[in-house]
Amino acid sequence: MIRWTRRLAVATAAMALTMTALPAMAQTVLKVRPFGDLRTIDPITTSDYMVRNHGYMVYDTLFAQDSSGAIKPQMVERHTVSADGLTWTFVLRDGLKFHDNQPVTAADVVASLKRWGERDGLGQQLMGQTASLTATDAKTVTLVLKERWGLVLEALGKPSSMVPFIMPARIAATPATQNITDPIGSGPFMMVRGEWSPGAKIVYQKAPMYVPRTEPADGLAGGKRANVDRVEWIIMPDAQTALNALQAGEIDIFEELPPDMIALVKSNPRIAVGRLSALQGVMRMNQLQPPFNNPKLRQAILRLVDQEQTLRAYVDDKSLYTNCPSFFMCDSPYFSNAGWRPADVAAARQLVRESGYNGETIVLLDATETALSPATLVVAQAMRDIGLNVDYQAMDWGTLSSRRTSKNPVAQGGWSAFLSGPAAPDMWEPVGHLALRSNCDRAWFGWPCDETIEKLRAAFTTAPDLAGRQAIARQIQERAVETVPYIPVGQFWLVRGFQASLKGLLVAGLPVYWNVSK
Amino acid sequence: MMLYVLRRLAATVPVLLFVALFVFFLLRLTPGDPAVLIAGDQATEAQIEAIRQQLGLDKPFIEQLLAWSGRILSGDLGRSVFSDMEVTRLIAMRVEPTVLLALVAIVMALVIALPLGTLAAVKAGSRTDRAVMAFAMIGFSSPVFVIAFLLVYVFALGLGWFPTQGYVPLANGLWPCLNSLILPSMALAMLYASLLARITRASLLEVLSEDYVRTARAKGLMPLRVLVRHALQNAAIPIVTVVGVGIAALLGGVVVTETVFNIPGLGRLTTDAILRRDYPVVQGLILIFSGVYVLINLLVDLSYVLFDPRIRY
């Protein structure tokens with residue numbers, strides 16, 4: 001009995017020693033303070049950027065944009081196009097699986113694309129050109145177009161805002177007007193639904209069944225390797241609190257670090273600051289109501305706004321903004337500065353005189369918590385300086401986003417102008433461009449109406465090649481300088497602060513967390 | 001007594017009804033449209049309208065009010081327009097941090113304020129009295145967020161004793177939970193402690209000059225016994241009243257404290273819901289807050305019996 005007791009004691013001690021000798025199997029957790037909160041897990045029913053970013057965590061796409069803006073295959077192994085450009089065949093990679101370990105099939109792809117095509121603008125155009133979209137076999141999808149359409153790959157590799165993410169067919173069967181509730185996806189991370197607390201925390205785990213491409217990660221394309229076990233998005237509305245947490249090492253990444261905090265962070269050697277995503281500053285005018293229903297006055301504002309002066313109100317660091325004399329992003333293949341003339345106050349005054357402006361009130365809306373609020377103040381003062389009657393109205397984003405839907409005259413709760421900053425992918429090319437759309441009532445708030453621009457946008461989709469598309473983009477630029485659907489106030493970067501010890505953080509135009517290791 | 005309690009409880013019904021109607025009207029008068037915020041920047045007017053229909057926001061005002069009132073009567077606070085989660089579930093998820101934060105803050109405030117207020121009263125006019133009153137004045141007039149950031153700067157970023165933000169649930173252990181609540185509770189307790197210290201001093205000063213206190217001293221009772229048994233107990237009613245009233249200030253302070261310390265409680269839920277025009281959540285929260293406030297006032301009234309046997313209900 002004593003011998004047995006002794007043996008047991010020895011065995012227990014040995015086991016205890018072994019356990020202490022083993023390295024702890026701790027999970028690596030990447031803690032991120034995202035710029036907003038997640039409202040829904042359905043990236044198809046809303047264009048909300050937070051939902052899009054969630055989409056990139058849990059879903060993969062057929063094609064994706066690399067850091068140079070080129071469209072690269074992602075879930076697709078290979079694709080072919082018939083000589084007449086009408087039949088497209090896509091073959092999926094081997095071993096693709098959803099988070100429930102079910103294989104990704106062509107039927108899932110067809111269902112996902114059809115649902116996306118009901119909601120997204122570019123998707124609707126693609127589906128409008130589609131004669132049939134079918135699963136030929138388990139791994140092959142065949143798309144037959146009614147007529148040649150030049151943006152098939154651009155649509156399938158669309159980076160923002162409603163992205164053609166691939167989800168299981170049973171989930172994609174949810175009507176496109178209803179939110180999906182099942183987070184099963186096809187991407188490098190799985191959402192831990194049970195730990196989701198709206199307004200507090202969203203948790204993702206590495207998806208062990210995900211098969212990354214063999215190429216290195218590049219932008220949104222390439223091998224999406226989850227190098228951490230867990231990613232936690234910790235919602236922190238207060239920027240100062242987030243900065244404290246970053247400095248104390250309680251979080252690893254602070255998305256959208258306010259520019260006035262950059263200097264504070266740079267003095268800390270353990271913290272690094274880097275570019276997160278590019279935006280285009282947009283001053284949008286209401287073209288349904290006086291005085292901005294007058295194109296001459298819009299031209300006057302285009303000559304008035306000095307990008308350098310306006311953007312420096314946002315950030316006083318030349319590496320974080322660019323004067324970009326174009327309606328397209330400066331690094332877009334469709335960039336053109338045709339027709340653009342530099343800011344000139346005297347010329348602006350002359351154009352105001354020619355416009356017949358008679359002191360009508362210009363209601364300038366400003367959401368004071370947004371990045372472009374200081375720039376709005378600069379624009380307001382510049383307009384006052386040339387004799388315009390500006391009624392500057394400060395409010396929160398919730399009020400502004402509702403107010404800008406009003407088509408009423410300013411005296412009845414309407415508005416004249418506001419500043420906003422759409423993300424680069426939404427200002428990249430003419431078709432998906434948020435603010436160039438000039439299809440009247442269906443255009444973005446401000447409702448520009450220009451048949452010429454709309455015809456050019458339609459022609460862009462059928463242009464035979466890149467050179468053809470660039471030529472059309474140039475014509476759109478020239479026309480936009482005349483009709484002024486909006487004022488580009490320059491290009492600027494949102495920045496993120498992060499622990500300098502992090503490796504592999506990608507600059508992909510939006511925040512993505514594969515390839516990152518701690 | 002029971003009749004009194006029942007009568008008071010019955011009286012809360014019209015109060016809550018009035019609060020509910022007031023909040024409903026106020027929110028509808030606030031500029032902003034939840035459907036627009038939900039739809040995102042690129043939504044078409046048709047998509048926004050579809051969301052408005054889904055949420056029932058396209059219906060006439062009276063129809064919305066009747067539908068909401070009907071649901072409230074059956075105990076259903078509706079669903080969040082932001083997350084589509086049941087409001088009761090959302091609130092239930094956020095109750096623990098707020099209740100614990102408030103409790104720890106109240107305990108801290110009482111532990112700080114009662115001895116300081118008593119000391120100031122006993123040593124009225126002395127340097128100690130002036131120091132205590134200066135502390136109370138500074139605490140009362142400093143905004144919660146200023147105190148909060150100072151505490152973070154010194155104790156979290158400087159000394160590294162506490163985390164700068166976040167909340168550890170009680171289920172993860174008592175000490176980790178308390179550790180995450182110490183700085184926010186201190187920030188929250190400052191205002192409350194200042195108020196209580198001043199009231200304690202004022203009440204005690206009044207009571208200490210009463211004849212029965214002089215008699216107690218003349219009988220040769222120990223000064224501590226005179227203070228605790230005769231003076232403090234008789235000074236308790238104004239103090240308890242302020243404890244109750246102060247809970248309203250505490251609820252206001254919770255909103256700021258939870259934001260600064262990133263505690264996912266009811267205060268954060270309230271600010272988030274207001275910014276998102278999440279009408280059902282704001283309405284549900286205000287109802288809960290007013291219910292709690294009414295209940296605390298009732299408890300304060302009932303507690304008078306304990307301190308003054310002459311009071312009968």
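Predicted model: local features only at pLDDT ≥ 70, side-chain atom pairs only at ≥ 80, totals over all residues.
1. A:C440 sits in the loop between β18 and α14 (451-462) of chain A. Its phi is positive, about 55°, although A:C440 is not a glycine. A:C440 counts as partly exposed, at 28% relative accessibility.

2. A:E256 also deserves a look. Its phi is near 55°, a positive value in a residue other than glycine. A:E256 belongs to the loop between β13 (253-254) and α8 (262-266) of chain A. With a relative accessible area of 29%, A:E256 is partly exposed.

3. Next, the cis peptide bonds. One joins A:S160 and A:S161, with omega about -5°. A:S161 lies in the loop between α5 (152-156) and β9 (165-166) of chain A. Another cis peptide bond links A:P290 to A:P291, and there omega is about 5°. A:P291 falls in the loop between β14 (271-285) and α9 (295-304) of chain A.

4. Strand β8 of chain A covers residues 140-145.

5. β8(A) has pairing partners. Strand β6 (residues 87-92) of chain A pairs with β8(A) in the antiparallel sense, over 5 bridges. In that pairing, A:W88 has A:L143 of β8(A) as its bridge partner. Strand β7 (residues 130-137) of chain A also runs antiparallel to β8(A), and 6 bridges join them. A:T134 stands opposite A:T142 in β8(A).

6. Helix α7 of chain A spans 239-247. Of its 9 residues, 8 are buried, so α7(A) is largely enclosed by the rest of the structure. Among the buried residues are A:A239, A:T241, A:L243, A:N244 and A:Q247. At the start of α7(A), a side-chain oxygen of A:D238 comes to within 3.3 Å of the backbone nitrogen of A:Q240. A:G249 follows α7(A) and has a positive phi, near 75°.

7. Now the interface of chain A and chain B. How many residues of chain A are in contact with chain B? The count is 43 residues of chain A, in contact with 38 residues of chain B. The area buried between the two chains is about 3200 Å². Carbon and sulfur atoms give 50% of that area. In chain A, A:R39, A:P198 and A:E250 lose the most area to chain B. Together these residues account for 19% of what that side buries.

8. On the side of chain A that touches chain B, α7 and α13 (397-403) each supply at least two residues. The residues of that side divide into 16 nonpolar, 16 polar and 11 charged.

9. A:S406 is placed in the loop between α13 and β18 (417-420) of chain A. Is A:S406 buried or exposed? A:S406 is buried, because its relative accessible area of 15% is under the 20% cut-off. Its side chain reaches the backbone nitrogen of A:N408 at 3.2 Å. Not counting residues up to four places away in sequence, A:S406 touches A:N286, A:G413, A:G414, A:W415 and A:W447.

10. Chain B as a whole. Its secondary structure comes to 13 helices and 0 strands. Chain B has 313 residues, and buried residues make up 46% of them. The C-alpha trace of chain B spans about 85 × 55 × 35 Å along its principal axes. Take the contacts in chain B between residues at least 6 apart in sequence: 70% of these join residues at least 24 apart.

Key. Residues numbered from 1 in each chain as written. Chains lettered and ligands numbered in written order. Heavy atoms only, no water. Buried < 20%, exposed > 50% of the residue type's maximum accessible area, 1.4 Å probe, protein only. Helix = DSSP H or I, 4+ residues; strand = E, 2+ residues; numbered from the N terminus. Pairing = 2+ DSSP bridges. Contact = heavy atoms within 4.5 Å. Buried area = accessible area lost by both parts, 1.4 Å probe. Nonpolar A, V, L, I, M, F, W, Y, C, P; charged D, E, K, R; others polar. Polar contact = N/O pair within 3.5 Å; in protein donor to acceptor, adjacent residues only side chain to side chain.
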